[in-house]
Amino acid sequence: MELRGNITTRLKQCTAYADDIMLTTRTTQSLIDTFQKLKEISAQYGLIVNGQKIKYLRCTRKNYNLEELQINSMYLEQVQSHKYLGSTMNSDNSIEEEVKNRITLGNKAYYAKQFLFKSRLVSKKLKMKLY
């Protein structure tokens, strides 16, 4: 599997972290071919692909209907958005939802520890580090 380069210079790209693997391709046929090759190589090392966890995300500006993709006997569920390693990707390739989520998480963390910021027992220097 050719893994060098990025998606602008290649037809396919594989991103892996621990047991999470993300395949990025430009065409459906390239996705099918890459998935089958990944499945074959995984089998050589005694690894299996969990068919219940597989999802695919189609990024396009055009409107389309959600549909399952069948590769041999496995069905891949199509989703509108997917969270991979803490970042949310969506089908229209926008980051508004990701920014909103991160601001919300920051606010939750701040207000959960707000009692520390109001306490007179905590020094100003420590409060600045916490902020």
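Modeller: Rings of Phe, Tyr and Trp (its six-membered ring) pair if their centres lie within 6.5 Å; planes under 30 degrees apart are stacked, over 60 edge-to-face, the rest tilted. The model is predicted: local features need pLDDT of at least 70 and side-chain atom pairs 80 or more, while totals for chains, interfaces and linings use all residues. Residues are numbered from 1 along each chain as its sequence is written, and side-chain values use heavy atoms, without hydrogens or water.

Colleague: Which residues do ring pairs link into a cluster?

Modeller: The count comes to 2 aromatic pairs. Ring pairs join these residues into a cluster: Tyr110, Tyr111 and Phe117.

Colleague: What is the angle between the planes of Tyr110 and Tyr111?

Modeller: The two rings lie 5.0 Å apart, centre to centre. Their pair is edge-to-face, and the angle between the planes is 80 degrees.

Colleague: Is Tyr111 buried or exposed?

Modeller: Buried means under 20% relative accessible area, exposed over 50%, partly exposed in between (1.4 Å probe, protein chains only). Tyr110, at 30%, is partly exposed. Tyr111 has 52% relative accessibility, so Tyr111 counts as exposed.

Colleague: What is the relative accessible area of Tyr45?

Modeller: Tyr45 sits in the loop between H1 and strand S3 (55-57). Tyr45 is exposed, with a relative accessible area of 65%.

Conventions. Helix = DSSP H or I, 4+ residues; strand = E, 2+ residues; numbered from the N terminus.
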